[in-house]
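Hi,

Here is the structure I promised to pass on.

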4 protein chains.
Amino acid sequence: MGMIGGGQGAFIGAVHRMAAAMDNQIELVCGAFSSTAEKSFASGKELFLPENRVYANYEEMILKEKQLPESERMDFVSIVTPNHMHFPPAKMALENGFHVICDKPLSFNLKQAIELKDIVNQTKQVFALTHNYTGYPMVKQAREMIKNNNLGNIRKVVVEYPQGWLSDFVEQTGQKQSLWRTDPEKSGAGGSIGDIGTHAANLAEYISGLEIAEICADLTTFVEGRQLDDDANILLHFNNGAKGILHCSQVCAGEENALSLKIYGEKGGLEWHQQEPNSLVYIQKDESKQILRTGVGNLFDITNQHTRLPAGHPEGYLEAFANIYRNFAHAIRHKDDPAKLEENLDFPSVYEGIRGMLFIEKVIESSKSDKKWTKIDV
Amino acid sequence: MGMIGGGQGAFIGAVHRMAAAMDNQIELVCGAFSSTAEKSFASGKELFLPENRVYANYEEMILKEKQLPESERMDFVSIVTPNHMHFPPAKMALENGFHVICDKPLSFNLKQAIELKDIVNQTKQVFALTHNYTGYPMVKQAREMIKNNNLGNIRKVVVEYPQGWLSDFVEQTGQKQSLWRTDPEKSGAGGSIGDIGTHAANLAEYISGLEIAEICADLTTFVEGRQLDDDANILLHFNNGAKGILHCSQVCAGEENALSLKIYGEKGGLEWHQQEPNSLVYIQKDESKQILRTGVGNLFDITNQHTRLPAGHPEGYLEAFANIYRNFAHAIRHKDDPAKLEENLDFPSVYEGIRGMLFIEKVIESSKSDKKWTKIDV
Amino acid sequence: MGMIGGGQGAFIGAVHRMAAAMDNQIELVCGAFSSTAEKSFASGKELFLPENRVYANYEEMILKEKQLPESERMDFVSIVTPNHMHFPPAKMALENGFHVICDKPLSFNLKQAIELKDIVNQTKQVFALTHNYTGYPMVKQAREMIKNNNLGNIRKVVVEYPQGWLSDFVEQTGQKQSLWRTDPEKSGAGGSIGDIGTHAANLAEYISGLEIAEICADLTTFVEGRQLDDDANILLHFNNGAKGILHCSQVCAGEENALSLKIYGEKGGLEWHQQEPNSLVYIQKDESKQILRTGVGNLFDITNQHTRLPAGHPEGYLEAFANIYRNFAHAIRHKDDPAKLEENLDFPSVYEGIRGMLFIEKVIESSKSDKKWTKIDV
Amino acid sequence: MGMIGGGQGAFIGAVHRMAAAMDNQIELVCGAFSSTAEKSFASGKELFLPENRVYANYEEMILKEKQLPESERMDFVSIVTPNHMHFPPAKMALENGFHVICDKPLSFNLKQAIELKDIVNQTKQVFALTHNYTGYPMVKQAREMIKNNNLGNIRKVVVEYPQGWLSDFVEQTGQKQSLWRTDPEKSGAGGSIGDIGTHAANLAEYISGLEIAEICADLTTFVEGRQLDDDANILLHFNNGAKGILHCSQVCAGEENALSLKIYGEKGGLEWHQQEPNSLVYIQKDESKQILRTGVGNLFDITNQHTRLPAGHPEGYLEAFANIYRNFAHAIRHKDDPAKLEENLDFPSVYEGIRGMLFIEKVIESSKSDKKWTKIDV
């Protein structure tokens with residue numbers, strides 16, 4: 001694995017490295033960790049990389065690695081840069097024969113996303129997008145239960161994602177994480193809706209197996225001076241007639257990272273909270289509530305395949321993230337042997353990336369409109 | 001106390017009787033418990049009432065009780081009939097010199113609500129509406145904390161009220177509770193939005209101290225054949241600029257009575273769940289989460305005045321309901337001595353009733369409209 | 001109902017009055033509320049009692065009420081005095097033809113308890129002891145599940161009851177509740193073990209259907225100057241070979257009233273927390289955890305008979321307490337018609353009272369002994 | 001790192017490998033994964049190790065690795081064999097100049113533990129024992145709060161560790177994990193008390209900063225035919241006068257891995273549950289309950305140093321385990337530069353190992369004795 005971005009002070013780069021390493025299947029062999037060469041070299045040194053495998057920029061990395069013997073060169077790149085720098089290295093890596101795993105959202109705008117889809121299709125490289133929350137075993141379990149009709153027809157989906165870390169005008173103080181996320185030149189057109197709203201929308205579609213067909217959005221920027229939205233409330237219509245709500249916020253002072261989802265069908269409902277990810281609440285008409293727990297009882301195979309430890313040994317955010325990497329590595333390994341590609345070992349790809357970019361653009365369009373409903377289509 | 005409605009098989013009548021009795025201050029002395037005389041007499045007998053104080057209908061009760069000596073006759077009526085039968089007995093009781101406590105929503109429609117306000121103002125009788133959830137001590141605590149600016153300016157309110165008991169077409173089976181609630185002739189224009197949505201809206205306004213100024217509503221009837229809505233998703237704009245979401249449903253299969261509220265301001269947030277009512281979650285920017293508990297630590301006076309028991313002795317739905325009755329009785333007792341009326345001993349009145357009827361009518365209007373925002377005003 | 005004790009400033013007297021009133025079946029008609037006549041009269045006035053039904057002392061009350069016409073006089077006495085004043089009024093009331101409901105523990109010492117049993121047997125009056133925690137519907141459910149062999153043979157019982165309100169030497173400040181509870185002249189030989197340990201032991205035996213056969217106790221007085229134990233750790237052997245632990249404390253600073261019980265058998269386990277009483281956690285080998293909730297699903301009849309409200313309308317301490325009163329009233333009403341006495345409407349009686357006094361005495365004996373095990377027998 | 005044990009089918013070997021890899025600081029370079037050579041080679045192949053670094057047994061591994069150039073050979077061994085095979089490879093590795101990290105309990109018996117302490121002292125190699133639960137950030141936080149006197153003098157410690165996976169006679173079915181754990185030839189004299197009781201005792205001593213001075217133990221073997229205890233209830237006396245309870249069980253049918261600890265002092269208490277490890281409940285006299293959360297608010301430095309992710313990104317069992325490995329690696333790296341050894345980066349060592357073996361032996365002695373108290377001393 002070669003990493004693009006994720007140098008000193010970055011949060012998500014370290015996450016990707018830990019997630020990649022955990023299962024003893026992926027090794028970080030090179031990197032271009034920063035847009036400035038010195039920072040890249042300093043970061044590489046901290047990561048125990050040999051000097052000749054740390055590069056001044058991603059273009060150099062892709063070109064030089066390509067020239068190394070196959071057994072030595074990186075197999076894929078991991079892109080962990082701000083949003084505006086997802087597309088250029090992804091395109092270049094794919095076109096030079098490297099697989100790509102990329103942080104979300106897919107790109108700076110929808111146009112890039114669609115172009116990237118074509119590149120992936122043409123190059124036939126493996127492409128993964130780290131909508132990491134779909135890597136949790138209990139998210140897999142929820143999806144399978146719905147596929148299995150445990151809830152009956154789905155009627156309602158409520159997904160919420162409150163955070164509080166942007167409650168104040170912290171980007172003015174130079175806080176690194178907030179700086180690019182609140183800058184439309186780097187983040188794209190969406191603020192909270194891009195950073196976390198896309199996770200929420202992805203989770204809703206992944207678990208329900210449905211698509212969001214129409215929305216009615218109300219975006220707000222609560223912090224004076226901020227350039228992008230920091231709060232969103234959205235009504236949802238799904239393609240099967242189900243209704244729903246998505247709300248996300250980065251100004252809910254005191255909230256941590258409280259992504260949660262409730263989904264209701266004719267026969268029962270499910271509730272999942274990212275902050276207690278090893279439990280899945282299952283309610284049914286006229287039945288006692290059940291708490292499904294990783295490792296306990298009769299869960300679906302796909303759930304167990306994404307669980308590393310026995311019951312009562314909590315797994316968390318990194319383990320879910322590592323499931324995306326592990327499945328991505330599996331797909332690379334068996335790329336040319338479709339018989340060995342297992343359906344259960346799924347991961348978000350360019351399709352989910354386009355859905356996300358479409359969601360951002362339509363939410364912004366809806367929020368500006370006096371019309372109640374805006375369709376989600378290209 | 002004389003009761004109108006609440007005969008055999010009714011749910012809410014028994015609740016009112018237990019709530020009224022709990023504090024040893026109010027005695028049930030008479031009743032007209034049903035629209036049929038025999039049922040009324042049978043119910044009165046079960047309740048140990050003397051035969052001559054059980055009446056065939058509410059008109060008879062009001063007229064005959066009026067003729068009894070003051071020390072003997074009922075002081076007030078408690079109206080626990082279906083919605084369409086709130087206004088007529090309330091009007092007659094008030095005009096004949098009796099105070100009134102009435103179940104919610106206030107009336108069959110907004111027009112009646114406004115007329116009732118005028119009658120209350122003219123007769124100067126005490127009038128209470130049992131939006132009972134505002135009787136919980138931790139709801140009082142939340143309201144006071146917000147008044148006290150613990151959260152700073154309010155940015156966001158999320159109130160939800162999922163139930164599951166109407167997931168199927170139970171009114172077709174003759175189930176008594178569902179029968180009138182799903183019948184527009186008895187329930188009024190709102191289904192779930194009237195039965196529980198008004199509780200949610202009332203709670204949001206009571207705790208926040210704000211008014212809902214604009215809404216964008218999406219009502220659904222999921223159960224085929226049902227005449228009224230059974231699900232509602234609504235975007236909210238408050239009069240201070242805060243945003244919010246209200247959703248309620250009676251078709252979330254497996255949910256019990258899961259009213260909850262989250263409210264966020266610049267400095268922190270609060271979270272309250274009716275099903276665990278003795279806890280109030282208090283989060284703050286860069287501080288550890290706190291769980292405020294009834295009876296523990298430095299709570300507001302108003303909170304403690306609505307708590308009967310020491311810490312760790314859970315109080316529930318009936319105790320909150322009894323707080324409404326106790327405060328109503330206090331207001332009657334000190335009606336002519338304003339010095340003894342305590343601000344803390346508040347209860348919902350005709351104002352909250354009008355807000356509720358207005359909310360129902362505007363939600364229905366909004367739901368039918370293609371326009372995004374509908375103002376909440378008379 | 002005539003009350004003995006429970007005057008101004010008392011906690012448990014008010015609880016008994018609310019519990020008795022709740023179901024509209026029991027009326028407070030007279031009382032001797034204090035050991036001083038003035039306080040008794042002042043308390044009676046506050047409770048809206050007519051002057052001639054408030055008595056200077058319990059002897060006067062029992063004798064004068066006995067002379068009233070049967071339709072007018074009290075049916076039973078409720079004894080809510082400190083422990084040393086349970087036996088004398090109970091004995092006198094029973095011997096003068098009144099039924100008795102008495103707070104726990106039964107008496108000042110075991111000798112009195114045994115004598116009281118004989119009096120109850122001779123007078124054939126109804127006697128109830130308010131081990132109120134057994135009135136919770138989910139405690140009934142747990143007991144029935146174990147009777148029904150849902151857990152298989154019971155292996156282990158862990159019951160704990162930490163409180164924190166005696167963490168400091170509050171009895172020195174004159175705090176009324178602590179004053180008599182820490183005074184061996186009034187409380188008897190047990191401190192925490194008598195006040196709350198007996199509740200814990202009663203709950204363990206009630207739910208398990210077993211008897212504690214042997215104990216190994218370690219009592220401590222942590223607060224310097226205190227005369228009685230304020231903390232207890234005890235190993236248990238049950239009469240079926242099950243093992244267990246009981247610990248209680250009144251010096252766990254910050255704890256409220258955290259009575260809880262876990263019980264494990266060959267096939268599964270149950271967990272109940274008094275502070276969230278409407279839930280019962282049910283675990284089974286290789287099955288998902290279940291949360292049984294009052295009003296939800298297929299519970300035992302006895303559970304539903306002790307539940308007043310639909311699912312999601314929380315009931316608490318007073319409702320459980322009221323269940324004891326309601327069942328006691330039922331037993332009085334049908335005293336002479338055994339066919340109408342329902343097995344489900346049970347309540348703790350003099351047998352449980354003797355078990356409690358025996359437990360206190362044996363715990364103290366064990367704690368002083370170097371011997372590991374002390375048998376629980378008379 | 002070279003691994004001893006942990007071949008195919010082993011649970012704890014995989015855990016050690018994931019924990020070691022997570023922080024990108026430790027690489028698995030060789031192993032002797034099984035007591036049979038073929039299994040060792042097969043396991044090494046699965047782990048992508050070169051053939052020449054997989055050994056038939058640990059003796060061969062230690063001797064051959066020693067002959068490799070320093071830059072190439074393993075730095076330390078990780079011992080993940082059953083208990084009876086801890087001491088021999090640990091001794092040999094230490095005496096041949098390798099650092100050692102070893103699973104718990106330290107050894108087969110106390111005698112070996114004491115001998116190992118001498119070897120560690122003589123060889124001056126770094127030795128770590130994976131009492132992994134002390135690696136959780138909130139366990140560190142609890143320990144620091146107590147050091148910091150937040151609770152005042154400690155009065156009571158309640159530690160419990162129920163599991164259910166040995167509820168049946170599974171060792172008879174050949175289930176690998178149970179086989180050696182229930183075999184006194186491999187596990188040593190303790191069953192549940194060695195496997196999980198030592199974790200509980202270690203956690204109690206680590207968090208409290210106290211030592212268990214005296215015990216009164218009641219061991220049971222519930223499953224017929226089993227050779228070792230599967231349940232333990234123990235009264236504790238600590239060296240400061242605090243009292244406590246430790247109970248553990250592997251036959252609590254339906255329990256997962258429910259290690260938890262409550263600790264109370266004069267001013268307040270703490271509660272921690274391994275299954276929700278990112279929260280620490282903090283109660284205080286007359287104050288609202290607090291839920292301390294990793295990453296939120298003003299935690300101790302040591303807590304933050306053991307947290308990888310921002311608030312609301314749950315870390316679990318592997319991350320806590322990895323903290324032990326990371327601190328062990330830090331100690332190796334700075335072994336000769338005490339100035340760089342940070343006090344905060346502690347890990348359990350041979351001292352805790354001896355405490356554990358002593359605990360096992362004394363619990364067994366106490367359980368067999370009629371005497372109430374047994375001292376914990378060598």
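The same surface serves both copies, as 100% of the contact residues of chain D recur in chain C.

Before going further: this is a predicted model, where local features need pLDDT of at least 70, side-chain atom pairs count only at pLDDT 80 or more, and totals for chains, interfaces and linings use all residues. Residues are numbered from 1 along each chain as its sequence is written, while chains are lettered from A and ligands numbered from 1 in the order in which they are written.

Now the contact itself. Chain D and chain C put in 33 residues each (two residues are in contact if their C-beta atoms, placed from the backbone, lie within 7 Å). On the side of chain D that touches chain C, there are 10 nonpolar, 11 polar and 12 charged residues (nonpolar: Ala, Val, Leu, Ile, Met, Phe, Trp, Tyr, Cys and Pro; charged: Asp, Glu, Lys and Arg; polar: the others, Gly among them).

Away from that topic, C:Val100 is in contact with C:Phe76, C:Val77, C:Ile79, C:Ala90, C:Ala93, C:Leu94, C:Gln125 and C:Phe127, leaving aside its neighbours within four places in sequence.

Best wishes
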